[in-house]
Amino acid sequence: MKRLLALVGVALLALVPWLPLGPARLYILHVLVLVLIWAFVGTAWALMGRFGLVSLGHGAFLGLGAYTTTLLWNFLGVSPWIGTPLAAGLAVLLALVLGYPCFRFRVVGHYFALVTLALGEVIRLLIIAERDWTGGSLGLTLKDAGAFNLAAIQFADKRIFYLVALAVWLVGLWVWWWVDRSMTRSALEAIGEDETAAASVGIPVTGFKLRITLLSAGLTAVGGVLYAQYVTYINPGTLAGIGVSLQIVFAVVLGGMYTLLGPTVGTALTIALAEYLRVAFGVRFLGMADTIYGLALVLIIIFLPAGLYGGLRELVLRRAAPPRAAT
Amino acid sequence: MLSLENVSRTFGGFRALQGVSFEVKQGELLGLIGPNGSGKTTLFNCVSGALRPSAGSIRFRGEEVGGLTPDRICHRGIARTFQIPRPFKKLSVLENVALAAHFGHMTREPDAAARARARDVLRLVGLPSDEAARPGLLGAAGLKKLELARALATGPALLLADETLGGLDLEEMRQAAGLLRRIRDEMGITIVWVEHIMATLMRVVDRVVVLDHGEKIAEGMPREVAEDPRVIEAYLGEKLVLG
Ligand SMILES: Nc1ncnc2c1ncn2[C@@H]1O[C@H](COP(=O)(O)OP(=O)(O)O)[C@@H](O)[C@H]1O
Ligand SMILES: [Mg+2]
């Protein structure tokens with residue numbers, strides 16, 4: 001039943017680009033593609049975040065991914081089909097270099113968050129410093145390969161990108177679900193609560209934390225690649241550093257990181273809000289969106305720690321099935 | 001089975017353990033006693049890998065285990081409980097134990113087998129094994145049982161039980177002591193049992209090692225040890241009852 005519902009949902013989502021969306025069709029599609037890409041990144045982040053591995057530097061993996069494929073294509077003509085696994089591989093390597101010493105020496109909680117925060121900034125500054133190839137803070141435009149080029153993953157038709165983003169987002173959800181239903185989830189949950197106790201029952205703590213971190217980093221890099229291919233312009237401000245790293249975290253915390261769809265709902269809300277404010281008020285209230293979701297975030301952390309989606313879901317489930325009396 | 005040679009551990013300049021040596025024989029139920037702060041838990045931490053000993057050697061079944069990571073030591077067959085229970089509160093009681101059954105062995109058991117083993121262990125210690133039972137609903141005695149169940153589920157050859165009686169009433173203490181005895185007798189698991197109150201322990205164990213200020217001050221049969229002047233001095237002010 002659940003499976004059927006999910007299938008119908010996916011089929012409907014896949015049909016969206018062919019619905020009569022009116023004159024704003026292209027704009028709506030554009031926003032939806034962005035939501036799917038960032039929701040995928042948020043889901044990848046939540047793989048770690050839900051187990052207490054709070055990274056404030058996922059921009060590092062995002063930027064590494066986006067710049068790897070873009071530079072390879074622009075300078076060497078290497079197809080992103082080859083560039084993407086390379087980008088993911090580099091992000092995994094970077095995560096290993098960061099994660100291994102952190103986990104081995106028990107850098108946890110706030111300290112881990114601070115280390116990742118620094119990593120995001122280091123990558124941003126590196127991109128700016130290497131301006132000869134990266135274009136520095138001005139950014140880099142993906143070399144045009146025509147209106148439809150499968151080898152270069154460039155499509156002028158937004159509908160194609162929508163389907164690509166939808167597929168990638170679904171892969172992200174599938175990975176989240178796969179981790180969630182295995183013993184791995186219990187093990188990571190145990191590690192998140194009490195590393196000493198987890199290790200005492202035979203759970204290889206460092207190995208588990210490392211693996212989920214590498215997975216999250218690799219997926220995030222793929223998200224960066226997808227963004228670069230879609231927007232065809234990248235710069236260190238939007239794809240690396242503190243700004244984007246925090247945006248990912250905001251969206252996920254807003255939607256809720258303990259549920260499959262929480263990161264997606266959070267991302268959709270933040271992007272919708274930002275777009276609404278931009279369209280409604282133009283540049284008069286630049287920074288308004290940040291203020292609003294800063295405020296919303298504080299309220300949510302206090303009143304709905306499971307996030308908007310997670311909190312509502314809990315409420316609905318509790319209505320549907322009153323808790324059994326404890327026996 | 002387990003042999004400690006000159007095991008020491010310092011914290012900063014403070015010596016929590018100083019050159020402790022003793023042997024635990026296969027199938028033995030050994031009591032490890034000593035006043036509060038004498039280094040009993042620190043010794044367990046060193047043997048189980050939670051702490052690295054500063055010096056000395058810890059051999060288990062003939063192999064050095066000092067300095068290995070706790071998960072490796074668990075896989076070798078040493079399990080420990082925590083003095084202050086450390087349940088995974090987000091997981092059910094069953095999941096707590098199933099996790100230990102799954103990851104505690106050298107080769108991982110499949111989920112279903114791990115759950116079945118977890119249910120057996122929960123039945124043995126007398127805890128509910130349905131999915132709805134949460135650690136948060138357990139009292140002090142229940143949490144102590146959960147510690148024991150989790151350790152047992154890893155299939156140990158040697159169990160390190162840290163103050164299994166702490167915070168229990170008399171009847172619960174009797175039951176817990178009986179349980180440890182049964183674990184040794186029926187499952188053939190060697191046990192080192194730490195307690196700072198001597199009375200109940202002395203009636204059940206085969207042999208006793210006494211620590212004071214991080215040093216071993218006595219070792220022997222419960223009756224001999226209870227009459228040892230150094231032990232009486234160390235426990236000065238605490239009641240020494242042998243039933
Ligand atoms: N991680 C630690 N850091 C500093 N001091 C510690 C640590 N663990 C134990 N100690 C000290 O070592 C001594 C022995 O403690 P412990 O082994 O817990 O005693 P026991 O279990 O016999 O009551 C105590 O003085 C305690 O304060
Ligand atoms: Mg102690």
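Predicted model: local features only at pLDDT ≥ 70, side-chain atom pairs only at ≥ 80, totals over all residues.
How far is an oxygen atom of ligand 1 from an N or O atom in the side chain of B:Lys40? I looked this up first, and the answer is 2.9 Å.

**Entry: ligand 1**

I stayed with the oxygen atoms of ligand 1 for a while. One of them lies 2.8 Å from a backbone N or O atom of B:Gly37. I also found an oxygen atom of the ligand 3.0 Å from a polar backbone atom of B:Gly39. Next I checked the area: ligand 1 taken alone exposes 560 Å², and the protein buries 61% of that.

Then I asked which elements give two or more residues to the shell around ligand 1. They are strand E2 (14–24) and helix H1 (40–48), both of chain B. H1(B) supplies the largest share, 3 residues. I listed the residues around the ligand too; among them are B:Phe11, B:Phe14, B:Pro35, B:Ser38 and B:Thr42. Sorted by class, the shell has 4 nonpolar, 6 polar and 1 charged residues.

**Entry: the magnesium ion**

Which atoms coordinate the magnesium ion, ligand 2? I found OG1 of B:Thr41 and OE1 of B:Gln83, at 2.0 to 2.1 Å. This pair links distant parts of the chain, 42 residues apart. B:Thr41 sits in helix H1 of chain B, while B:Gln83 is in the loop between strand E6 (78–80) and helix H3 (93–103).

**Entry: B:Ser48**

I went back to helix H1 of chain B, where B:Ser48 is found. Its relative accessibility is 7%, so I noted B:Ser48 as buried. The side chain of B:Ser48 makes a polar contact with the side chain of B:Arg80, at 3.3 Å. A polar atom of the B:Ser48 side chain also lies 3.5 Å from the backbone oxygen of B:Asn45.

**Entry: helix H5 of chain B**

My last look was at helix H5 (residues 140–153) of chain B, which has 14 residues.

How many residues of H5(B) are buried? I got 11 of the 14, so the helix is largely enclosed by the rest of the structure. The buried ones include B:Ala141, B:Leu146, B:Leu148 and B:Leu152. B:Lys144, B:Glu147 and B:Arg150 are among the buried residues too.

Methods. Residues numbered from 1 in each chain as written. Chains lettered and ligands numbered in written order. Heavy atoms only, no water. Near = heavy atom within 4 Å. Polar contact = N/O pair within 3.5 Å; in protein donor to acceptor, adjacent residues only side chain to side chain. Areas by Shrake-Rupley, 256 points an atom, 1.4 Å probe, with all protein chains shown as cover. Helix = DSSP H or I, 4+ residues; strand = E, 2+ residues; numbered from the N terminus. Nonpolar A, V, L, I, M, F, W, Y, C, P; charged D, E, K, R; others polar. Donors = N, O, S within 2.8 Å, 3.2 Å for Na, K, Ca; no water. Expected span 1.5 Å × (residues − 1). Buried < 20%, exposed > 50% of the residue type's maximum accessible area, 1.4 Å probe, protein only.
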